[in-house]
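Hello,

Here is the structure I said I would pass on. My notes on it follow below.

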Amino acid sequence: MADFMHDQASGLRAMFRRFPSQRLAFAGATPGAGATSLAVAAALEAARSGLRVTLIDEHQGAGSATARLGLTSRVDLLQAINRDVPLAAVRRTSQHGIAVVPAARLAVASGQLNRLQTEALDEALSELSRDSELLVIDCAPDEGVLSALARRADRLAVVTMATGVGMTAAYALIKRHLTGNAPVATARVCPVHVGVSRVRSEVDARQAFASLNGVVSEHLGSALHWLGCLPTGFQRPAFSPAGEDALKIGRDLAEKLFVSREPEHSAPDRIQDGGLHPDPNGFKEGIPARVA
């Protein structure tokens, strides 16, 4: 059994090596929306699939991803950026096989980084990306503004409660991200996924998502991608890094982003009914549309 699992994991890693590492940032529109639960869940499920995963944690305290994965650290990525310690000294490995990089101090200072620190940040991210198939960033937005780390993600997952305050905050965060929150010289569009939490049903969650997607499409000219929902009453078990509802979303997302992907040179259109049609979810061919 051990040999089979090793071969399966090796096969998944070899398959994914045809693609560059993915950087996926999670951000809560408001505190307590569930973004950390989904970030940890995505990291756990990708690691269980045999992929090498690094999680950069911008939070501190008992509810942080670092603490949920059973780790502690007095060293922060900011110290590696300042050349005070090597990057290897910042990384911790959890019992789940996830490399964790604490970065709360870096997140606080990200708005004041100078040129040398910015270059060092890019170097550190490049090194972390080389060592991982998936790089998860659990963001700590500062008044709706993403950190320098989060702005370098390939995809952004925004988690919001289905309330007026939550949806307004989600729109403001997405607007800043799409209109002026990206690194200098970035020409690509970063897909934005939205998860809705604290709702009675998935129907209610999808209605809230559709409303937000309509506003974003009309005013910002960009379509959002459905991530999933965390129901009312969702609570992470005391001795679990993430609850089962979050794990399901993380499992689906990891599968769609990595396990089911087609090679980069595949046509970006899907074949339907004998003809080519654009994939409305913005993914490559071969990825189901359940989570987009």
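Is Arg198 buried, exposed or partly exposed? Arg198 counts as partly exposed, because its relative accessibility is 33% and the classes are buried under 20% relative accessible area, exposed over 50% and partly exposed in between, with a 1.4 Å probe and protein chains only.

Some conventions before the rest. This is a predicted model, in which local features need pLDDT of at least 70 and side-chain atom pairs count only at pLDDT 80 or more, while totals for chains, interfaces and linings use all residues. Residues are numbered from 1 along each chain as its sequence is written, and side-chain values use heavy atoms, with hydrogens and water left out.

Backbone

Arg198 sits in strand β7 (residues 192–199); helices (H or I, at least four residues) and strands (E, at least two) are DSSP runs, numbered from the N terminus. The phi of Arg198 is positive, near 60 degrees, in a residue other than glycine. Arg83 also is not a glycine and has a positive phi, of about 65 degrees. Arg83 is found in the loop between α4 (77–81) and α5 (87–90), and is exposed, with a relative accessible area of 58%. Most residues other than glycine have a negative phi.

Helices

Helix α2 (residues 35–48) has 14 residues and reaches 20 Å from its first C-alpha to its last, close to the expected 20 Å; the expected span is 1.5 Å times one less than the number of residues. Of the 14 residues in α2, 13 are buried. Gly50 follows α2 and has a positive phi, near 100 degrees. Leu253, in helix α10 (residues 244–259), is buried at a relative accessible area of 3%.

Cysteines

The whole structure has zero disulfides, a disulfide being a pair of cysteine sulfur atoms within 2.5 Å. Cys190 is buried at 9% relative accessibility, and Cys229 is buried at 18%.

Regards
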